[in-house]
Every structure is written in structure tokens, then in C-alpha cells.
Amino acid sequence: MKYFILTNNSLAAEELGKTHEIRFVEGGLRDVFVEARDLIHQGAVLLNHPLYGSVKPNETPFRSLLLHRAKSSTEEACASVDPESVRLIGNAVSVCDKFIAKKETTDPRILQDFQVVDLSLLKSAMESADR
Amino acid sequence: MAKYKVVHYINQFFAGIGGEEKADIPAELHKGEVIGPGMAFNTGFGDEAEIIATIVCGDSYFNENIEAVKAEILGWVKDLAPDLFIAGPAFNAGRYGVACGTIAAAVAEELGIKAMTGMYVENPGADMYKDKVYIIETKDSAAGMRAAVKSMTAFALKYLKGEKIGASCEDGYMNQGVRVNFFEKERGSKRAVDMLLKKLADKPFTTEYPMPDFDRVEPNPAVKDMAHATIALVTSGGIVVKGNPDHIESSSASRFGEYSLAGVYDLDENTFETAHGGYDPVYANADADRVLPVDVLRDLEKEGVIGKLHEKYYATVGNGTSVANAKGFGAEIGKRLVADGVDAVILTST
Amino acid sequence: MRLEIGKINITDIRFAEESKIESGVLYVNPEDLKPVVLEDDKIKDVCFDIAKPGESVRITPVKDVIEPRVKVEGKGGVFPGWVSKVDTVGSGKTLALKGMALVTAGKIVGFQEGVIDMTGPGAAYTPFSKTLNLVMVCEPVEGLKQHDYEAAVRKAGFRVAAKIGELARGIEPDDTCVYETLGIKEGMEKYPDLPRVGYVSMLQTQGLLHDTYVYGVDAKKIIPTIISPTETMDGAIVSGNCVSACDKNPTYIHQNNPVIEDLFAQHGKTINFVCQIITNENVYLADKERSSNMTAKLCRMLDLDGIILTQEGFGNPDTDLIMNCKKIEAEGVKTVIVTDEYAGRDGKSQSLADADVAADAVVTGGNANEVIILPKLDKVIGTLDYINKIAGASDKTLREDGTLEVELQVITAATNEMGFGTLSAR
């Protein structure tokens with residue numbers, strides 16, 4: 001399955017950047033969801049569940065999504081928006097908004113742990129996509 | 001310790017004044033009197049609480065003069081300054097239930113005094129007020145008075161003493177749409193097995209988490225020939241003709257409007273505005289096309305992408321509007337669109 | 001398959017010169033256990049501690065909880081694929097140390113969690129406040145990667161549990177329970193009039209600290225399959241997950257799976273308990289589709305009349321839960337689901353991230369977002385350093401007076417989705 005990775009996790013970008021197409025998002029977890037939502041409305045298809053992992057959206061600042069490439073022209077793409085992707089990403093944004101914002105973690109060791117877990121969950125999706 | 005003070009509200013029937021023929025009596029305040037079901041409450045309260053006044057009002061009178069009678073009763077209750085206000089129980093009496101819910105909710109909300117009522121689950125007052133005030137579930141007729149008084153008294157004392165109110169099923173009140181934790185007697189797996197045994201035997205069972213009611217609608221097949229289709233615009237974003245001639249409410253709308261688009265090619269701030277109270281109206285008022293895209297549809301009309309834009313559009317305000325009202329509007333608007341030969345509709349929200 | 005579980009009631013745990021079980025007391029010499037842990041060169045050191053019900057002790061962060069068991073008759077050994085070979089377990093006789101648990105604790109990642117309070121208001125929410133706990137905290141070698149550390153601690157837990165379980169060999173159990181499932185044809189002939197019931201358990205399978213293993217296999221790589229519920233009792237399913245600890249299944253809860261126990265209680269009376277079906281909760285959407293198709297198909301092929309479906313976790317597993325429920329119901333198999341809720345601190349939000357009308361019979365383990373204040377306790381086993389970072393904790397968590405303001409999320413097994421506890425919500 002041909003896909004690209006939409007992520008704000010620099011560890012994922014570093015580790016996978018040479019071998020995979022990365023679209024890096026500057027921003028928080030919600031920004032990744034919103035960017036994904038825009039891409040989905042242009043025809044991209046979500047391959048992993050946006051609410052993967054047990055670390056809640058208000059805890060980890062990182063998110064990495066696997067998306068199947070959109071059709072080339074916008075018009076064509078709009079004609080084939082994947083309703084399930086739209087539903088999942090919409091739900092994900094609302095779940096994100098439901099959890100109370102917490103103080104942002106600044107401890108670099110913990111941020112690194114969040115990145116490692118995020119990368120691990122991403123890789124588990126890639127394993128499925130690559131086989 | 002001093003007894004807690006309770007004010008009790010009942011209708012003309014339970015006050016022993018009369019039935020339907022007396023339903024038009026205005027509200028009366030009986031200070032120091034305990035009337036009808038109040039006697040049983042007082043007995044139940046023992047030496048912990050007592051009824052210090054009873055308010056009696058005819059059901060028709062209450063429902064026909066809601067604002068005035070509410071203000072009058074609130075004034076009395078404010079002066080009496082009780083620890084608790086109890087209305088009913090109303091069982092399945094519709095207007096009585098609505099009155100109990102209305103006045104108990106008003107006492108709680110406007111006076112900040114603890115308030116509760118009791119009624120049958122299908123009483124229309126239950127649906128209207130169960131998320132605003134504690135409503136104890138009762139039987140559907142006055143034959144259930146003893147049980148109703150017993151459970152209402154138990155709840156009242158707990159509530160008066162400031163004890164933690166548990167989950168709805170524990171303390172016998174109607175679920176307020178808020179999830180509350182509590183410890184069941186049986187563990188979850190046992191409850192699941194018991195539920196499955198009932199489901200397998202086609203016996204009634206009660207789910208612990210009712211799924212939200214999505215009311216999903218299957219979309220119609222796609223319009224094949226857009227170039228000859230008549231397209232209508234319908235919005236819940238509140239776009240109305242300037243001045244809001246139909247007085248569509250800014251929230252909890254009770255009506256929708258039908259407006260002409262004949263000769264309209266672009267909505268501007270002099271002719272259209274939003275009636276919606278749930279979002280910042282600045283951008284919608286400056287250019288209502290942002291909510292109701294008439295300009296773009298006129299372009300498409302000109303380019304021949306669509307046949308034509310329907311000459312009327314429909315608008316309401318989606319802000320807190322009840323599902324029942326929204327369904328009603330939808331059905332009526334749909335009927336009119338079909339009658340006008342519209343092929344497809346673009347629905348816009350906010 | 002027929003399995004006898006011999007229960008040995010443990011009434012106390014004490015450190016002693018000689019490791020043994022005598023008159024219900026487990027005597028442990030940590031020096032006997034240390035080499036078992038340190039045989040993995042990724043672990044530098046380990047310390048043991050004991051926490052008893054009612055003591056002013058907090059254990060955190062908890063990684064896994066394990067019940068020591070030993071297989072004394074029949075094929076294979078406990079925790080197949082880890083400490084024993086992969087022989088099929090689930091028949092013969094197994095001895096279990098009841099009333100106690102081995103708890104593995106210690107920080108693997110900085111935001112980890114899992115709280116067991118042995119006293120106070122938090123104790124009511126975790127089943128492990130009622131067990132005598134032997135706690136094991138491992139220290140990794142310098143520079144060990146999180147993945148390797150997780151695996152090392154996980155496996156060390158099974159080895160130590162097995163070692164303690166061995167002490168029970170030869171001891172007469174206080175009580176014995178027999179569990180037996182029959183072959184498909186055999187069961188139909190024996191109980192022709194009873195409804196055929198299965199148990200579908202969803203296992204969390206997503207990546208680091210989010211995994212579950214079956215006979216040593218990472219369950220995200222399986223397609224749904226059937227196993228005998230007695231295999232689960234012998235440790236065929238083990239936990240590798242602990243993030244958001246309230247609704248993760250420690251190995252102990254797999255071993256003592258409450259749905260299996262309660263279905264067995266009805267087996268041969270009101271139902272014919274046919275088998276357990278295990279499925280996964282992968283992050284990849286096509287995997288979710290495939291797995292739920294398979295579970296529904298298995299339910300149909302086994303001609304089940306009804307099933308209980310249990311979940312593990314929140315968020316994307318809600319999608320698996322609803323897919324499974326919808327598809328299984330669509331096969332005409334009556335389904336009851338066990339889940340928990342994330343309805344927000346005020347209880348007003350939508351409880352699940354996914355929903356469907358087919359899920360008309362739901363048992364809930366309660367709202368995991370509900371806030372609880374945990375008092376300061378005298379002793380902490382593990383570390384409080386990271387409690388601010390754990391799921392369900394916020395910047396206000398560690399309050400000035402030393403109390404903790406947290407969501408139930410952080411408490412191990414508080415809202416367990418196999419129905420292990422009595423917590424619920426309305």
C-alpha cells in the first residue's frame with residue numbers, strides 16, 4: 001500500500017525520513033488531526049486509527065498518521081472522499097477537544113519517551129501496511 | 001438540632017379542592033399548613049424535617065399563566081427560605097407533572113434552593129425537566145402514593161443532609177444525562193452473563209450504557225444530471241432577511257423561515273443577517289454568503305454546472321434547538337421542496 | 001479439555017532464610033529470586049518488597065500483576081512460550097496461590113502509571129489492594145532502550161512468578177475447582193437444549209507498552225482464533241501493556257478471567273460454554289476490518305447463540321468493539337459487551353469514541369475520567385517522581401499537602417473491561 005506519513009514527531013521524521021515520504025506538521029497533536037482532516041477531504045484515505053494508543057490526546061503531544069495518497073487532481077479527489085476516514089478523523093478531533101488540556105510536558109526525557117512510544121505505534125501500523 | 005424546613009407544592013386535586021372543574025384556581029399559599037400528601041411526607045420526615053407551608057395551584061391555571069404564577073410562587077418561596085422545595089408527586093398527570101418540573105427547576109435555578117419532584121417516567125414533565133432537577137421515579141397513578149412518598153422522603157433527607165447523591169439507579173431519581181460512578185453489588189462479568197441469559201431468552205434487560213441515538217439517514221442516490229437539476233439551499237445557520245421578520249429565536253428555535261431568492265445574486269449586509277446566537281455573527285452579518293452560499297450557486301448556475309438555484313430558501317437556528325422541533329422543520333421543509341420540484345438540497349450549518 | 005485448579009490460600013508473605021510455603025504462609029528469600037531476575041543481563045538490579053492490605057503503602061508505577069501458579073499434572077507448564085515450552089496447556093492440574101500477587105513495578109517510560117493503594121479511598125478501586133503483594137522493582141542496565149527494558153521486566157515477572165509457583169508443588173490445595181469444555185459435537189450431544197455461548201476477548205495489540213501475547217506470540221500478528229478457556233487459566237495469554245492502567249488487563253486478570261469463571265458457573269446449567277475466541281486491537285484500519293470479519297465468522301461457524309465481548313482500552317479499541325458487535329449481531333449471535341467510559345471529568349461527554357445501535361446490551365466498568373483524591377501514604381514502593389506525567393494526572397496532581405488529585409484512569413484495573421470489579425456508572 002502506497003502511503004505517506006503525516007507526523008509532528010521529529011523522531012519519526014528522522015528515523016523514517018530517508019526511506020519514506022514524510023509530511024511534517026509543525027504544531028501539536030490536534031494540528032496533525034486538522035491537517036489530516038483537510039487532506040482527507042481532498043481524497044486522502046486514513047490507514048491507521050487516529051486514536052491509536054492508550055496515551056490520551058491531552059497527554060502525548062505527538063501523533064503520526066498513515067495516509068494513502070490522494071488522487072492527483074483535486075476535482076477527482078473530491079469525488080472520492082472516503083466517508084470512513086472522514087468519520088474517524090472527525091471523532092478524533094472531538095475526542096481531542098473533550099479531554100481537558102493539561103500543562104504541557106517540557107521534560108525532555110519524557111518527551112523522548114512519548115516520541116518513542118508514538119514511533120512504536122506508528123511502526124506497528126506500517127508493518128501491516130508494508131506486508 | 002432544628003428541623004429542616006420544607007415547602008410543598010401540590011395541585012388542586014391533591015389539595016382536596018376538586019378535579020378538572022377546579023383546575024383553574026390561582027396559586028394559594030397556606031403558611032403553616034400541611035395538606036394532602038404533605039401529611040405522609042411529614043410523618044416520613046420524623047423529627048428531622050417538617051413542611052412549613054403548602055402551595056396549591058390549579059393545573060390549568062399554572063400552565064396558562066406560567067410566567068406570572070412562577071414569579072408569584074418564587075416570591076413566596078424566597079420569603080419562606082426553606083431548606084428544600086418538594087413538588088408533587090405528579091404520577092402520570094401531564095399538566096401537573098409539567099407544573100411540578102417547571103416550578104421545582106425554577107426554585108433550584110433562580111433561588112438556589114434545593115428542589116425535587118416525583119413523577120412517572122412517561123409524564124411529559126419528566127423529559128422536560130429530568131436534567132434540571134432531581135425527579136424521583138414513581139408509579140403511574142396515585143395508587144403508588146405510599147411507595148412514592150417513601151422513596152421521595154428517603155431522597156429528601158439524604159439531599160437535605162448534604163450527603164453525596166449516588167448514581168440515578170442507586171438513589172431512585174431519573175438519569176440526568178450525566179454519567180455517575182458507583183459500586184454495583186455484582187461484578188461486571190456476572191452482570192454481563194446475567195444480561196446475556198436474559199437476551200438469549202428474549203426477556204427484557206436494561207443496558208447500563210444506552211448508545212447515543214444517532215438517527216442516521218441513508219443518503220439518496222447521487223444526482224446524475226446536475227446540469228438540469230434545481231438545487232435548493234437550506235440552513236440551520238440562521239441566515240434571515242434583515243430584521244428577522246419571522247422572529248426566529250437565537251437559540252432553541254421554535255420555527256423556520258421561508259425567504260425568496262428571486263433576483264438575489266449576492267447576499268450583503270444591508271439585506272441579510274444571521275439570527276443565530278451560538279456563534280460570533282460578525283462575519284456572517286458582513287457577508288451572509290459565508291453561511292448560505294448564494295453567490296457561488298449563482299456562479300454555478302451561470303456556468304451551467306447546475307440547472308438553477310431554487311427561488312426560495314429555508315432557514316432556522318440550530319443553536320440548542322430540540323431534536324423534535326428540528327425533525328418537524330425538516331419534514332415540513334422537505335414537503336415544500338418536493339412540491340416545488342426541487343431535485344437536490346445543499347444543507348449548510350454554521 | 002478438563003483442568004483442575006487447586007487453590008492454596010496464602011494468608012501472609014514474609015521474608016525468610018528459606019523460601020517455602022507452610023501453613024498458608026509464603027516465606028521468600030529475595031536472594032533466591034534475584035538470580036532468576038538477573039539471568040537477563042539487561043537488568044542491573046532488583047529489589048523486593050511486601051505490601052499488605054490495609055497498610056499505608058502506594059505501589060507505582062505498576063507494570064504487571066501476576067498470580068503464581070504451577071502445573072503439576074497434564075501437558076506443558078505455566079506461561080507457555082515464556083517460561084515453558086509451547087505445549088498446549090489447559091488440561092490436567094494446576095496449583096494457584098490465592099490471595100497474593102506478584103507485582104512488577106518501576107519506571108519504563110517517563111509518563112507511565114498504574115497505582116495500587118493498599119489503603120484509603122483508592123484501595124476500593126483496585127482489586128490488588130485486597131491481595132498480599134510481593135513487589136519487584138527492576139533497575140535496567142545503563143542506556144537500555146525502552147523496548148528492551150519493557151521486554152526484560154515483563155519476562156522477569158513471569159520467571160519469578162513461576163519460581164514462586166514451584167514452591168506450591170506437592171502442597172495439598174485448600175480447595176479445588178474443575179473446569180471442562182467439550183468438543184463441538186460432544187457439547188451439542190451432551191447439552192442439546194442449552195444455548196451455545198462463546199466468549200470473545202479483545203486483546204490490546206498496538207506497540208510498545210500496548211501489547212498482549214498468546215503462547216509467546218505478539219497477538220497483533222494473529223488472526224482471531226479459538227482457544228479453550230482453560231488455556232487462559234494456565235497463562236497462555238499474558239500482558240505487555242499498562243498505559244492508562246484502569247482498563248488494561250494485567251496477566252493476573254487473564255489468569256483469573258472473570259467472564260470465563262462466570263460463564264463456567266452457568267456451563268451445563270443454563271448455557272453450553274463452547275470456547276473463547278481471541279482477537280486483537282491493531283492500529284491499522286484494515287486489520288480491524290479483517291479481525292472483526294473473522295470473529296463474526298468464527299461465531300457463525302461455531303453456531304453460537306450468544307457471546308460476551310470484552311474490550312481492552314479506549315479510543316481506537318472502541319472502533320474494534322463496535323465493528324465486532326455489529327458484525328457478530330448481524331450473524332444473529334446475541335451479544336453483550338463489557339466496556340468502560342471516558343465521559344469527561346463532569347460525566348457529560350460521549351462515553352465511547354464509537355457507537356452503534358447494535359450494541360444494545362452494555363455492561364460498563366464506570367467512567368475512567370472521574371476524579372479521585374488520593375491521600376498521602378506513608379510508604380511508596382516504586383517512585384512518585386513521574387506521577388505528574390501519568391495518564392489521567394494533570395499539573396495539579398501532586399498537591400501541596402501531599403495528596404494526589406487524579407482520574408481513576410491511573411488506578412490499576414479500576415474500570416476493568418472484563419468486569420473484574422463492581423464499579424459501574426449510570
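Analyst: First, the ground rule: two strands count as paired if DSSP finds at least two bridges between them. The strands themselves are DSSP runs (E, at least two residues), as are the helices (H or I, at least four), and both are numbered from the N terminus. Bear in mind that this is a predicted model, where local features need pLDDT of at least 70 and side-chain atom pairs count only at pLDDT 80 or more, while totals for chains, interfaces and linings use all residues. Residues are numbered from 1 along each chain as its sequence is written, and chains are lettered from A and ligands numbered from 1 in the order in which they are written.

Let's start in chain A. Strand 1 of chain A (residues 3-7) has two partners to look at. With strand 4 (residues 64-68) of chain A it runs antiparallel, joined by five bridges, and within that pair Ile5(A) is bridged to Leu66(A). With strand 2 (residues 22-24) of chain A it runs parallel, through three bridges, and there Thr7(A) sits opposite Phe24(A). Four of the five residues in strand 1 of chain A are buried (20 or more other C-beta atoms, placed from the backbone, within 10 Å of their own), so this strand is largely enclosed by the rest of the structure.

Over in chain C, there's an open sheet of three strands in the order 11-6-24, with mixed pairing. Strand 11 (116-117) and strand 24 (379-382) of chain C sit at the edges with a single partner strand each, so one side of each has no neighbour in the sheet. Strand 6 (residues 57-60) of chain C runs parallel to strand 24 of chain C, and four bridges link them; Arg58(C), for instance, is paired with Val380(C).

Pairing also crosses from one chain to another. Strand 7 of chain B and strand 27 (residues 423-425) of chain C run antiparallel, held by three bridges, with Phe182(B) partnered by Ser424(C). Around them, 31 residues of chain B are in contact with 43 of chain C, contact meaning C-beta atoms, placed from the backbone, within 7 Å. On the chain B side, helix 7 (168-171), strand 7 (181-183) and helix 8 (188-200) each supply at least two residues, and helix 8 of chain B gives the most, with eleven. Of the two pairs of chains that touch, B and C have the most contacts. Chains A and B don't touch, their nearest C-alpha atoms being 11 Å apart.

Technical notes: A residue is buried if 20 or more other C-beta atoms lie within 10 Å of its own, exposed if 12 or fewer, and partly exposed in between; C-beta atoms are placed from the backbone.
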